[in-house]
Amino acid sequence: MKKIWCWAAVVVGASTVIIAQQPAAQPPVIPPVWVGIRPIEPPATPLASEIASAAVTRFSFIAYGDTRSAGTANVPGDGDILHPEHGRIVERMIAKAAALASTTFPVRFVLQSGDAVLRGQNAAMWNVSFTPIIERLTTGANISYFFAVGNHDVTSMPPGDPQRALGLHNTLTAMSKLMPPEGSPRRLSGYPTYAFGYGNAFFLTLDSNIASDAIQLAWVTDQLEHLDRARYRHVIAFFHHPPFSSGPHGGASAAPLPGTGQKAPDRLEPQTIAIRTLYMPLFRKLHVGMVVAGHDHLYDHFVEHYVDNGTSYRMDTLVTGGGGAPIYTYAGEPNLGAYTTANAAQGVRVDHLMKPGSTPDANPHHFVVVRVDGDRLSVEVVGTGPTAYTPYNGSATIVLSDRVS
């Protein structure tokens, strides 16, 4: 610890003498109360490796996020009880996987886009409220599980912050048996950043809390640049902060500027800005086809269209934050004028394919089933509310394609 010296002036006769006193006392370092994190047990049957699954072109996977409790005072939540809404979601997942098991599109794994628990620094929240529910999927239903860190898991502070360090430690320990190990080619060592391939699809997760981190960006770029695109027809990125959202985190300003009648600029979070400026150009360059995110506790769907070397592409962005956290509602359209202008050279256009509802009842807790069918993807949204959730003009499903037939 660096010493801070105190100095004192002493008058001796007509002269003033400066003398050094003892170092100023520093406050003692109080370590956190240590509680061990129990790693989530993996399925008895691991997901088939990249090599072993090379011929697979038809399967399904499930995506969801934001499973934390509300943190309401005097209401049992993470660290006290098994989260009831998250439990219902997982039971519906297991039922859906069982229904698809004998079809051409069996569920092979689950993606979670972050915010597992209310405070990732609190070990009891993992051990008591999250891990037992996830093990219903992994050890109970033999389904693999892949996790991306959220701000509630590791905070939004930069690397080196003590609270981030503790949250990151807890997260990595909980997920240590589920993600590629340190030192493997598909893992950025020291980060919760990794990738895996299955069949004709490649999946990559990053820590969007530190989206401006140069090392992480370099590693993600290297993974995508060296990908066998003849095999991997679909590239899917999943992380916590969405590039676009019409929920409370989307930055929309509902009030006009005083005296102008014009909408105020969006209040974008730094993570969103970094995703838009660093990762979306990379994803266009290397033709990432889907982004799965959370952060806003609702379902939202945007499509970015662009042109690269004369060919038109689409990138679907799903916001699926309905895993049990307090429900959010539609807050307003994000102002994407500056974004599309900055990327006009590629003809970027962002369509809002479906919008969340304006009431909690219209935004039930949910998950999505993504079907991989050769070169096509489709999505089915499964809600846990009292009525069927059909956000696509009265339907729960949609094919993600610009082709007519």
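Which backbone nitrogen does a side-chain oxygen of Asp161 reach at the start of helix 4? I looked, and the backbone nitrogen of Gln163 is the one, within 3.0 Å.

**Ground rules.** I am working on a predicted model, where local features need pLDDT of at least 70 and side-chain atom pairs count only at pLDDT 80 or more, while totals for chains, interfaces and linings use all residues. Residues are numbered from 1 along each chain as its sequence is written, and side-chain values use heavy atoms, with hydrogens and water left out.

**Helix 4.** My helices (H or I, at least four residues) and strands (E, at least two) are DSSP runs, numbered from the N terminus. Helix 4 covers residues 162–174 and reaches 18 Å from its first C-alpha to its last, close to the 18 Å expected at 1.5 Å a residue; that expected span is 1.5 Å times one less than the number of residues. I then listed its buried residues (under 20% relative accessible area, 1.4 Å probe, protein chains only); among them are Arg164, Leu168 and Ala174. Helix 2 and helix 3 (151–154) are included in what covers them, contact meaning heavy atoms within 4.5 Å.

Next I traced an open sheet of 6 strands in the order 5-4-3-14-15-16, with mixed pairing; two strands pair if DSSP finds at least two bridges between them. Strand 5 and strand 16 (397–400) each have a single partner strand, so one side of each is left without a neighbour in the sheet.

Strand 14 (residues 366–373) got a closer look: 6 of its 8 residues are buried, so the rest of the structure largely encloses this strand. Strand 3 (residues 58–64) joins strand 14 antiparallel through 6 bridges, with Ile62 partnered by Val369. On to strand 15 (residues 376–383): it pairs with strand 14 over 8 bridges, also in the antiparallel sense, and Val368 stands opposite Val381. Strands 14 and 15 make a hairpin with 2 residues between them, and Gly374 in the turn has a positive phi of about 65 degrees.

**The cores.** Where does the largest nonpolar core have the most contacts? I found Phe203 and Val379 holding that place among its 63 residues. Such a core is a set of buried Ala, Val, Leu, Ile, Met, Phe, Trp, Tyr and Cys residues joined through side-chain atoms within 4.5 Å. Helix 2 (residues 123–140) gives the largest share, 7 residues. I also noted a second, separate core of 34 residues, including Leu188 and Phe244.

Methods: Buried < 20%, exposed > 50% of the residue type's maximum accessible area, 1.4 Å probe, protein only. Polar contact = N/O pair within 3.5 Å; in protein donor to acceptor, adjacent residues only side chain to side chain.
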